[in-house]
Amino acid sequence: MYTLGVRRNFSARHYLIGGDWGDENHEHSHNYQLEIIVEKRELDRHGFLIDIVEVEHHLEEVTATFQGQTLNTLAPFAGINPSIETLATIINDMLRKRFASFELEALTVTIWEDDIAWTSYRVNL
């Protein structure tokens, strides 16, 4: 199995809902680092798992959706807590749709929230 990882950074704001998490209940910002890992059994005819330039293009568009935004106000987060776990799931869903033609075996999205916490969400395709 071949794997390829690509990273991007973005900043966004959020506040937690549904519980008493102190200061986290108030709007605040985080610097996020997004890493995606794609997996595939075979390389293409050029010896690549996937075209990195195309991956970068999709990552730029996806991260632009969140850059500088308050996550709570975005449609995918309506009525749910904008945790990093939820953010990883939403980004994974967005990228799976964009990468459908690549015939991947798996897609993992890892998100660091500042430098203190991270989560990963992996889907076998």
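Biologist: What makes the pairing of the Thr70 side chain with the side chain of Glu27 a polar contact?

Modeller: In this predicted model, the two side chains come to 3.2 Å of one another, and since a polar contact is a pair of N or O atoms within 3.5 Å, with one able to donate a hydrogen and the other to accept it, the pair qualifies.

Biologist: Why is Thr70 called buried?

Modeller: Its relative accessibility is 14%, and buried means under 20%, so Thr70 falls on the buried side of that cut-off. Thr70 sits in the loop between α1 and α2, and, leaving aside neighbours within four places in sequence, Thr70 is in contact with Arg13, His14, Tyr15 and Glu27.

Biologist: How do you know that the buried residues of α1 line one face of the helix?

Modeller: The buried residues in α1 are Val55, His58, Leu59, Val62, Thr63 and Phe66. Seen down the axis of α1, they fall within an arc of 125°, and therefore they line one face. An α-helix has 3.6 residues a turn, so residues three or four places apart point the same way.

Biologist: What covers the buried residues of α1, and which exposed residues does the face turned away from the buried side carry?

Modeller: The cover includes β1 (2–14), β2 (28–40) and α2 (84–98), whereas the face turned away carries the exposed residues Val53 and Ala64.

Biologist: What span is expected for α1, at 1.5 Å a residue?

Modeller: Helix α1, residues 52–66, has 15 residues, and its reach of 21 Å from first C-alpha to last is close to the 21 Å expected.

Notes:
Residues are numbered from 1 along each chain as its sequence is written. This is a predicted model: local features need pLDDT of at least 70, side-chain atom pairs count only at pLDDT 80 or more; totals for chains, interfaces and linings use all residues. Side-chain values use heavy atoms; hydrogens and water are left out. Helices (H or I, at least four residues) and strands (E, at least two) are DSSP runs, numbered from the N terminus. The expected span of a helix is 1.5 Å times one less than its number of residues. Buried means under 20% relative accessible area, exposed over 50%, partly exposed in between (1.4 Å probe, protein chains only). The arc is that of the directions from the helix axis to the C-beta atoms. Contact means heavy atoms within 4.5 Å.
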